[in-house]
Amino acid sequence: MFKHSQLESVKAWIAHPAHAAMPLHARIQRAIRQLIVDGALGPGKPLPASRALAASLGVSRDTVEAAYGRLHAEGFIDRRVGSGSFVSQMSEFTPGHSQSRRDARARQRAPNLSQRGAAMFRGGGVREMLVPRPFAPGVPETRTFPLALWERLERQVVKEARTQALAHGDPQGCEPLRRAIADYVNLERGARATAERVLVLTSSQQAMSLCATMLLDPGDRIFIEDPAYYGARKAFDAAGLDCVPVRVDRQGIAVEQITAEPREVKAVFLTPSHQFPTGATLALDRRLALIEWAARHRAWIIEDDYDSEFRYAGKPTACVQGLDPHERTIYIGTFTKSLFPGLRIGYVVLPPQLVTPMTVARTLLDGHSAPLPQLTLARFMEGGHFGAHVRTMRGIYAERLEVLARLVRTHLAEFIEPRVPIGGLQMPCALTGALSERAAIGAARRVGIELLGLSALHALGKPETGVLMGFAAYTPAEIETAVRKLATAYRAAAGQRAG
């Protein structure tokens with residue numbers, strides 16, 4: 001007789017609405033055949049007597065006999081007079097040759113992808129840790145987020161919007177949120193924005209991909225900082241663009257290299273407020289020169305302002321978009337760092353002529369962002385809670401940065417040297433000891449610590465080796481424990497190399 005799970009599988013197959021058009025005996029035959037193909041019924045295994053199976057399924061014996069007859073005709077079972085029915089000894093269905101084995105072989109074959117698909121696959125995507133470990137970079141503190149307040153605001157939205165919050169949303173984004181974003185970037189970042197120029201997206205990554213596909217054609221050239229944010233480089237590579245690396249110094253991207261380029265370049269991507277990963281701020285004279293270059297060449301400036309809320313020293317600099325009278329700058333922002341990653345809300349402030357094309361293109365990607373979190377975020381911002389939260393976290397992050405820098409100097413001085421940034425959620429460190437970057441990252445990972453290597457973010461010359469250490473998501477006690485653990489791991493790794 002069938003095992004209980006096998007019998008239930010047959011019953012489920014028979015009862016499934018998708019199979020309702022089949023005759024009953026065909027449904028039974030297909031269900032048993034699937035058990036054989038999947039390897040659940042191995043070769044030589046007996047099938048239940050037709051009378052017994054009919055009773056279990058609540059059908060006539062003739063129905064089961066018809067199903068068995070078809071299985072026998074197809075070669076899936078053998079029927080022996082006086083002995084019963086058995087699964088055939090066919091090599092395709094022997095253990096090790098079941099559906100799972102064939103699926104494994106199929107997975108090993110090279111996929112038949114388009115050129116763009118193959119480029120995206122080779123790039124490896126952008127992966128974030130579901131449960132971040134020290135010192136994964138770019139991760140904000142979420143344990144102290146005012147969740148009770150957020151839930152109360154969300155309930156207010158549901159009470160007022162009712163089922164409207166469950167319907168399709170505006171592809172450009174909910175108007176209250178677009179208005180709140182425009183007010184915020186105008187006040188805090190010196191932008192020139194209106195609600196009509198804001199496009200709400202899921203992330204800055206989506207914004208970069210949208211810019212790459214809507215503003216440039218495959219083969220077009222784009223200037224990109226060197227070193228650069230890996231997500232941006234992958235987005236542009238996937239779109240088939242020719243990325244032209246431009247070195248970064250203490251004053252940001254080397255604009256003289258851009259203005260001296262004789263060949264046509266359609267755009268430049270940069271993180272001017274807090275360069276990733278060096279932390280440099282683009283000097284004002286370079287910003288103005290870049291704006292004039294873009295206007296003169298009809299090129300685009302793609303400005304990623306990914307974590308400008310968190311600045312711990314000096315005065316914040318106005319964003320490039322706010323300084324650009326020629327409307328050649330696309331300003332990208334996100335709430336992933338300032339609030340929490342699971343919110344999945346980012347945005348772009350667009351030149352007027354790009355609003356409609358970009359919104360239409362967005363409908364082909366994911367239609368729209370969910371209205372409920374958008375309306376909740378709008379209320380969170382309108383009530384002053386966003387500004388209060390950012391101010392609170394700025395103080396917490398500044399303390400954690402100071403703790404990390406002090407502990408690195410105390411316990412890791414023989415291996416790495418901190419380059420303390422004026423803002424952001426991570427601290428770059430240069431390697432100073434005998435350990436290579438690869439050895440440093442590997443030793444850290446073996447003790448549960450995650451570091452991002454700096455050399456992989458470079459495209460030009462021989463980069464300075466080092467690591468990026470995120471600090472925002474970890475308490476001072478957690479930072480100290482991780483640094484001490486890292487120091488022990490590095491000394492052991494250095495001892496092995498010396499031995």
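A: Strand S11 and strand S12 (residues 426–431) run antiparallel and are joined by 3 bridges. Strands here are DSSP runs (E, at least two residues), helices are runs of H or I with at least four, and both are numbered from the N terminus. Two strands pair if DSSP finds at least two bridges between them. The model is predicted, so local features need pLDDT of at least 70 and side-chain atom pairs count only at pLDDT 80 or more, while totals for chains, interfaces and linings use all residues. Residues are numbered from 1 along each chain as its sequence is written, and side-chain values use heavy atoms, with hydrogens and water left out.

Q: Which residue in S12 does Glu417 stand opposite?
A: Ala430.

Q: What is the strand order in that open sheet?
A: S11-S12-S14-S13, 4 strands with antiparallel pairing. S11 (416–418) and S13 (452–453) are the edges. Each has a single partner strand, so one side of each lacks a neighbour in the sheet.

Q: Now helix H17. Which residues are buried there?
A: In H17 (residues 437–446), Glu437, Ala440, Ile441, Ala443 and Ala444 are buried. Buried means under 20% relative accessible area, exposed over 50%, partly exposed in between (1.4 Å probe, protein chains only).

Q: Why are they on the same side of H17?
A: They cover an arc of only 165° around the axis, which puts them on the same side. The arc is that of the directions from the helix axis to the C-beta atoms.

Q: Which residues are exposed on the other side?
A: Arg438 and Arg446. After H17 comes Gly448, with a positive phi near 80°.

Q: What does Phe135 touch?
A: Among others, Leu404, Leu451, Met469 and Tyr474, not counting residues up to four places away in sequence. Contact means heavy atoms within 4.5 Å.

Q: Last one: how much space lies in the second largest pocket?
A: About 610 Å³. Of its 21 lining residues, the closest to the centre are Arg250, Thr278, Arg419, Pro428 and Glu464. Strand S5 (242–249) and S12 each supply at least two lining residues. A pocket is an open set of points on a 1 Å grid over the protein atoms alone, where a 1.4 Å probe fits, with protein on both sides within 12 Å along at least five of seven lines; lining residues have an atom within 4 Å of a point. Points are joined across faces, edges and corners, and the volume is the space filled by probe spheres set on them.
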